[in-house]
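Please look at the chain shown below before reading the report.

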Amino acid sequence: MQPVFRFAPSPNGYLHLGHAFSALTDCERCRAAGGRFLLRIEDIDPARCRPEYEAAIYDDLAWLGLAWETPVRRQSEHMADYAAALARLSAMGLVYPSFLSRAEIAAAGSGRDPDGAPIYPGTDRDLPAAEAEARIASGAPYALRLRMDRAIATTGPLTWREDNATIAADPAAWGDVVIARKETPTSYHLAVVIDDAAQGITNVVRGRDLYYATAVHVLLQRLMGLPSPAYHHHRLILDADGRKLSKSDGDTSLRSLRAAGKTPDDTRRMVGL
């Protein structure tokens, strides 16, 4: 079977050096494996994603010399797929609405997830269905969470393939993760799993910042009977202070580097390729 790779940016800002390193690494590994290279636009957040950023993604990647198959999958065109997956998990008794604000979750002091965010304390996990429905009907903001204890009991121990190693997954470290919100029928975790399966992705190449999130992804894959790709989490490109680059840092955007006269080869050298 021919390997299938993908690069999946969000159009909520201009691509920077970190994206260039990820896309180039991804494409080079794909070429070495004799694979197909796909581009996916992860635009589930309508408040932050903008058409001009999406257009710039195509322009910047082409400038780097990358080519991809078409049509490009855009998440905003597949909300029904995510809603169907959410309904499937709900039918398994694994989803519940939570109503605590971010400040209330932080104040609960239930620890931190691998990203450093406060872990949800499970306050609404056993809220009576009638009460939850009444609060939703009243217009209260809510998030739909995966009941982690039941999910893990359903799947048992999990692992993923990281290059030539087998990694033990620890989804419990994330607590009851958000898999959808009031305003959208999905989250990053749910959408990326559905997309990878729909596109037949066999190899996921992405930044080290998503390494621990893979535990949640393989959990969702197992729950829904989906295949698990092989993973490679590459090093991150950091700023002078050792922080991960941000799309708000215009100095490292490919757009600004191009305007300053940098070439694709300059960009490769800047990221150590």
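## The sheet

In this predicted model, strand 4 and strand 5 pair in the antiparallel sense, with four bridges between them. One of the residues involved is serine 98, whose bridge partner in strand 5 is alanine 143. Strands of a sheet pair through backbone hydrogen bonds, in either a parallel or an antiparallel arrangement.

The two strands belong to an open sheet of three strands, in the order 4-5-8, with antiparallel pairing. Strand 4 (95–98) and strand 8 stand at its edges with a single partner strand each, so one side of each has no neighbour in the sheet. On average, neighbouring strands of this sheet are turned by 30 degrees against each other, direction ignored.

## Nonpolar cores

The largest nonpolar core has 42 residues. Those with the most contacts inside this core are Leu89, Leu146, Trp160, Leu220, Leu223 and Met224. At least two core residues come from each of helix 3 (79–91), strand 5 (143–146), helix 6 (148–155), strand 8 (178–181), helix 7 (188–198) and helix 8 (214–223). Helix 8 gives the most, with six residues. In soluble globular proteins, nonpolar side chains tend to be buried together.

Which residues is leucine 89 in contact with, leaving aside its neighbours within four places in sequence? They are Leu94, Val95, Ile179, Leu190, Leu220, Leu223 and Met224. Another core, of 25 residues, lies apart from the largest one and includes Phe21, Ile57, Leu66 and Leu254.

## Salt bridges

The count of salt bridges comes to 20. Side chains of opposite charge can pair when their charged atoms come close. In one of these salt bridges, the side chains of aspartate 163 and arginine 29 meet at 3.2 Å, N to O. This pair links distant parts of the chain, 134 residues apart: aspartate 163 lies in the loop between strand 6 (159–162) and strand 7 (165–168), and arginine 29 in helix 1 (residues 17–33). Aspartate 163 is partly exposed, with a relative accessible area of 40%, and arginine 29 also counts as partly exposed, at 34%.

Glutamate 69 and arginine 36 form a salt bridge through their side chains at 2.8 Å, N to O. Here too the pair links distant parts of the chain, with glutamate 69 in strand 3 (residues 69–74) and arginine 36 in strand 2 (residues 36–41), 33 residues apart. Glutamate 69 is partly exposed at 31% relative accessibility, and arginine 36 is partly exposed at 30%. A further salt bridge joins glutamate 77 to arginine 74, with the closest N and O atoms 3.0 Å apart. Glutamate 77 counts as exposed, because its relative accessibility of 52% is over the 50% cut-off. Arginine 74, at 23%, counts as partly exposed. Salt bridges that share partners also join Arg6, Arg40, Glu42, Arg73, Asp81, Asp195 and Asp196 into one network.

## Aspartate 43

Is aspartate 43 buried or exposed? Aspartate 43 counts as buried, because its relative accessibility of 9% is under the 20% cut-off. This residue is found in the loop between strand 2 and helix 2 (51–63).

The side chain of aspartate 43 reaches the backbone nitrogen of glutamine 75 at 3.1 Å. Leaving aside neighbours within four places in sequence, aspartate 43 is in contact with Pro11, Cys49, Arg74, Gln75 and Ser76. Among these, Arg74 is the salt-bridge partner of glutamate 77 described above.

Conventions. Residues numbered from 1 in each chain as written. Predicted model: local features only at pLDDT ≥ 70, side-chain atom pairs only at ≥ 80, totals over all residues. Heavy atoms only, no water. Core = buried A, V, L, I, M, F, W, Y, C linked by side-chain atoms within 4.5 Å. Buried < 20%, exposed > 50% of the residue type's maximum accessible area, 1.4 Å probe, protein only. Contact = heavy atoms within 4.5 Å. Pairing = 2+ DSSP bridges. Axes fitted to C-alpha atoms, helices over the stretch in contact; angles between N-to-C directions. Salt bridge = Lys/Arg side-chain N within 4 Å of Asp/Glu carboxyl O. Polar contact = N/O pair within 3.5 Å; in protein donor to acceptor, adjacent residues only side chain to side chain.
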